[in-house]
Amino acid sequence: MPPFQLPNELKKFSCSPFSATFWSNLPAEVAMSPKTALLLLQMGGPDSLEAVHPFLMNLFTDRDIIKIGPAFLQPFIARRIVNKRAPKVEEYYRQIGGKSPIRELTEAQGEGLQQLLGEDFRSFVAMRYSRPTTIDALAAIKRAGIERVIALSLYPHYSKATTGSSVNELKRVLKESGAKFELTYIDRFYNHPLYIKALSEKVMQGLAKFPDRKDVEIVFSAHSLPQSFIEEGDPYLDHIQETVRLVMEQVGEGSHTLCFQSKASRVKWLEPSTEATIEQMAKAGKKNLLMVPLSFVSDHIETLYEIDIQYGEEAKALGIERFIRTESLNSSPLFLQCLADLVKTAAT
Ligand SMILES: C=CC1=C(C)c2cc3[nH]c(cc4nc(cc5[nH]c(cc1n2)c(C)c5CCC(=O)O)C(CCC(=O)O)=C4C)c(C)c3C=C
Ligand SMILES: [Fe+2]
Ligand SMILES: [Fe+2]
């Protein structure tokens with residue numbers, strides 16, 4: 001049998017060898033810097049239309065987010081799925097400017113955070129399925145001579161599929177490279193008072209765009225997840241529900257509902273779907289919807305394409321008169337203060 005070969009798409013992303021020599025040969029910019037590295041963990045996204053296929057290959061070959069058949073077959077099944085899915089997804093990215101803005105937005109969050117925290121900290125980004133990868137980020141930290149790392153997952157609600165996957169990747173790279181850092185993890189912040197305040201501020205700003213807030217239905221739309229994750233003990237749904245409860249406590253009276261978007265496979269995912277919810281609202285005669293994307297802290301395909309374009313057009317066709325989405329947190333000052341508080345607590 002010929003030796004197992006990585007599909008070409010994956011080779012493009014396996015950018016650095018996992019060898020002890022690679023790590024020991026990295027020159028430190030500053031010998032033993034006293035700084036702490038903030039390592040922002042995010043999903044990533046394609047930075048061009050050509051990068052959609054490799055991005056999807058990386059995602060569909062990650063068994064933390066999706067298990068398709070036995071492990072040794074997954075790269076081949078994934079390639080079939082991605083070959084079929086990529087043209088459709090490329091079109092979505094084309095409609096939002098030809099790429100995901102997630103890298104720039106995450107780097108801006110890192111810079112904002114660094115400014116709030118001062119000179120003792122330096123931020124780095126590790127994307128799970130695109131560049132800069134975890135290897136890129138750890139190599140940059142090593143080059144900067146930094147030994148202490150706070151890994152901050154930018155998913156507020158813990159799931160094995162998202163934060164779990166990024167943390168596993170980090171541990172894998174550390175193990176295989178032999179690199180040593182003093183590591184602290186921040187893996188959830190769904191109930192942090194400043195996160196709730198930042199989100200509530202966006203909801204209030206959104207409500208202010210309607211003539212009368214009493215007529216508005218607040219639709220919290222979280223990223224869906226296969227039901228099997230929840231059955232196996234994933235706390236994601238509990239975290240989402242708690243965020244909704246806490247935000248509504250701040251926002252005050254208001255008719256609201258929770259639904260789930262972006263189902264990506266045929267198994268049973270969390271319900272009701274956002275699409276079905278919008279349809280049901282329209283049938284019930286609602287005219288004003290405020291969409292609140294929940295699982296993401298920055299703009300990307302799920303907000304810019306799925307909510308703004310796809311659901312927006314569907315809502316209009318169904319007779320919804322005002323379909324408004326809350327702004328994503330991106331570099332909201334309150335949100336950056338939340339991240340800074342999380343880091344300060346972890347650093348002490
Ligand atoms: C294959 C199964 C998937 C699971 C499970 C899943 C969970 C999940 N994802 C996010 C956040 C994001 N997902 C994004 C894109 C995206 N997600 C999947 C698949 C699963 N996600 C795919 C195939 C894609 C690519 C687009 C597509 O083909 O539809 C992104 C955006 C990337 C970007 O544009 O920058 C984010 C962010 C969460 C929070 C979550 C479960 C908790
Ligand atoms: Fe996703
Ligand atoms: Fe998605």
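The structure is a predicted model, in which local features need pLDDT of at least 70 and side-chain atom pairs count only at pLDDT 80 or more, while totals for chains, interfaces and linings use all residues. Residues are numbered from 1 along each chain as its sequence is written, and side-chain values use heavy atoms, with hydrogens and water left out.

In an unreviewed UniProt entry, the annotation "binding site" covers His223 and Glu302. These two residues span 80 residues in sequence, yet no two of their C-alpha atoms are more than 8.4 Å apart, so they gather at one spot. UniProt positions follow the numbering used here, feature names are shortened, and annotations may be inferred rather than shown by experiment.

His223 belongs to strand 5 (residues 216-223), and Glu302 to helix 12 (residues 301-317). Helices (H or I, at least four residues) and strands (E, at least two) are DSSP runs, numbered from the N terminus. His223 counts as partly exposed because its relative accessibility is 22%, whereas Glu302, at 13%, counts as buried. Buried here means under 20% relative accessible area, exposed over 50%, and partly exposed in between (1.4 Å probe, protein chains only).

Contacts, defined as heavy atoms within 4.5 Å, describe the surroundings of the site. Leaving aside neighbours within four places in sequence, His223 is in contact with residues including Tyr236, Phe260, Trp269 and Glu302. With the same exclusion, Glu302 is in contact with His223, Gln261, Ser262, Phe296 and Ile307.

Ser262 is located in the loop between strand 6 and helix 11 and is buried, with a relative accessible area of 11%. Pro272 is found in the loop between strand 6 (255-261) and helix 11 (274-283), and the peptide bond from Glu271 to Pro272 is cis, with omega near 0°.

The interior comes next. A nonpolar core is a set of buried Ala, Val, Leu, Ile, Met, Phe, Trp, Tyr and Cys residues joined through side-chain atoms within 4.5 Å. The largest has 70 residues, and Leu113, Leu152, Phe220, Phe335, Leu339 and Val343 have the most contacts inside it. Apart from this core lies another, of 20 residues, among them Ala37, Ala140, Ala151 and Phe181.

Methods
Chains lettered and ligands numbered in written order.
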